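Work through the exercises below with the sequence and the structure side by side. Each task is followed by its solution.

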Amino acid sequence: MLSEFKTNAKILVQGATGREGQRAIEFMKNYGTNVVAGVTPGKGGQEVLGVPIFNSIKEALGKVGPVDAVSTYVPPPACLSAIKEVIESEIPFIHLITDGVPYQDLASMVKLCRDNNVQFLGPGSLGVLTIGQGRVGFLGGTDPKKDYQAGEVSIISRSGGMTNEVAHYLNQYGIGLRTMIHLGSDKISGANVGEAINALSQDKQTKIIVVFEEIVNNDLSDLAEFFSKQKLNKPVIISLTGISRNIMPEGVSFGHVDALLKGDSNLLNKNIGRIKSAGVVTVDSYEDFVPAIKNLSTY
Amino acid sequence: MKVYEFEAKKILADYQIDTPAQLNFFASKDDISKNLEYPVIAKVLILSGKRGKRGGVKEINSFEELVSFYDEASAVFASEKPLGILTEKMAPAGEDIYFSISYNKTGPILVINQSGGVDIEASKLASVKIPIDPLTKKITSKPAVISRFKLKGFTDKVLKCFFEQDCELLEINPLRIGQDRAICLDVKMILDDRAGFRHRERQLTKTNKNLTERELVMAEINSNPDFKGSPCRYVELDGDVALLLSGGGASLIIFDALVNGGAKPGNYSEYSGNPTKEKVEALTRIILSKPNQKGLLIAGGIANFTLIDETMAGIAKALADVKPNYPIVIRRGGPNEKIGKKIIMDTAVKHNLDITWLSSDKSLKEACQYFIEKLK
């Protein structure tokens, strides 16, 4: 699901009758996603935009058969038990939109998913979209059909707004898109930038990967480590944002939740060096993606 | 939230974790008891670190000495608005180490360093880092340092406290290794605010003394269940440009562009997700209430699902009421953008406000450059 959103992939929505769940079903369906079932305990028998609602995942799967992924819209206190239900149902992919899940619960979810080989996108993720094939979540906004043209560039970001912003910007300059992945930006997360790059490396139709990355309290050690071990099979361009962190008071959360201001500039610069020497192109701002892409011999 | 040391120590005591004896808290000079058994260790109650180095911790031998420590510490730490002082008995001698549980990117982790009492980043000794299984709530290996300092029972109790209390950080530094037990001389406890729904009965001293008046109002709105939707952030800064930003990533780009362009932000504020119009209106009112601002930038990326009409309706209501006379620039796209723009521009006409709505074809950086020009 991270390498591409496959046409006709079957999606089950958890928390389907709530405000965000209903909107998500609308967003997914209007982009052609095959939403086969919704689950809200106690609301079984209802329908949301023609999608049948069940009381449990087990009940839903009994009726509609296996699904490829679950997209979750339940409030923070209910997330851990919701994720456990998905894992027990042996569904291979979870997308979780919810923000503000207690750290203890998040750590448990990440561990459970890892132990059971379930791919976990989130928390706080707006989803994945592959142009012309469908999407899970809200990613791409109201009308991606109108807004985006198909192409060969895939986008990875921990910021939802910026995934969409970058997509618009590339589109404005005539650069077509393949897949957009919003990872979410919590302190403890499922899929990270490295995993997303690995996934997109498997997709033949992705020719170029662009990554919007933040360097507030992120010394890029993980990415530097990833690139030093991973051989890239396609060009990767990364924009690094957050240089103005120095004017903020210490301890203030800036940018995303995990972006507490506490950075080691020397280590950051060293890691940027390591990333560059692995053949990755780094740019200062997402506007610079356009010339960087056009400069590539493969473009 | 951060927990004051005397309250953190009481929580530890509930788990039979040893802390120095005879803990007392005095909120004012008049409260100081005349019946203490000296010597005691006295500490000023503030929330920032390196207190010892700055004279905030002292061995005291008499009531008179304690009163003068109170006066000195109140003066030295005035800017941090101390809550008062605590006193406790001196712990028996022994080796001091560093012991903490926190979360890293993959989950909970126990860190032990054999040089206790100092800044852990400055320690020359390597730390032992042991991942904790969040499901069993146990450490995944038993390094030699745990048996060497006889910390097995202690570690179990601290782990129980950490998870039951939903801590985000529990740092014991120094941990005094005594003859027969380990004693927590100082404790830094940060509770996971997100888990507040599991601890509604908890009553702790609020640690918001260092917030500005406006930041306090924002904190109150965020904790008020009547204001539904994602929390809004407001941090006051020294500059003269008001900001109302949306999206974590976009707010960073905008900040970078403004600072690089020479503008001085008067605040950092940000909302994401789908806050209600009432909440966005409240945030806007807080931003507009700061005096001596030269302009207001309302900006964010092209939203995926934040409703632009809903959020702009909140902003428009505050603008119509306060009627700021400085230039306002807006750059924002997303669901129901056209309706949002109409709401704002109708307000501008009706109240004669200087508002420019930029198209999303202008990048965030270009929008910031436009705004900076407008300020001149």
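**Setting**

Chain B has 10 helices and 18 strands, where helices (H or I, at least four residues) and strands (E, at least two) are DSSP runs numbered from the N terminus. This is a predicted model: local features need pLDDT of at least 70, side-chain atom pairs count only at pLDDT 80 or more, and totals for chains, interfaces and linings use all residues. Residues are numbered from 1 along each chain as its sequence is written, and chains are lettered from A and ligands numbered from 1 in the order in which they are written.

**Exercise 1**

Check the length of helix α2 (residues 63-76) of chain B.

Solution. The expected span is 1.5 Å times one less than the number of residues. For the 14 residues of α2(B) that should give 20 Å, and the end C-alpha atoms are 20 Å apart, so the two agree.

**Exercise 2**

Determine which residues of α2(B) are buried and which are exposed.

Solution. Step 1: count the other C-beta atoms, placed from the backbone, within 10 Å of a residue's own; 20 or more means buried, 12 or fewer exposed, and in between partly exposed. Step 2: B:L66, B:F69, B:Y70 and B:A73 come out as buried. An α-helix has 3.6 residues a turn, so residues three or four places apart point the same way. Step 4: on the other side of α2(B), B:E64, B:S68, B:D71 and B:A75 are exposed.

**Exercise 3**

Find the strands that the buried residues of α2(B) pack against.

Solution. Contact requires C-beta atoms, placed from the backbone, within 7 Å. The partners are β3 (40-44), β4 (57-60) and β5 (85-89) of chain B.

Conventions
Two residues are in contact if their C-beta atoms, placed from the backbone, lie within 7 Å.
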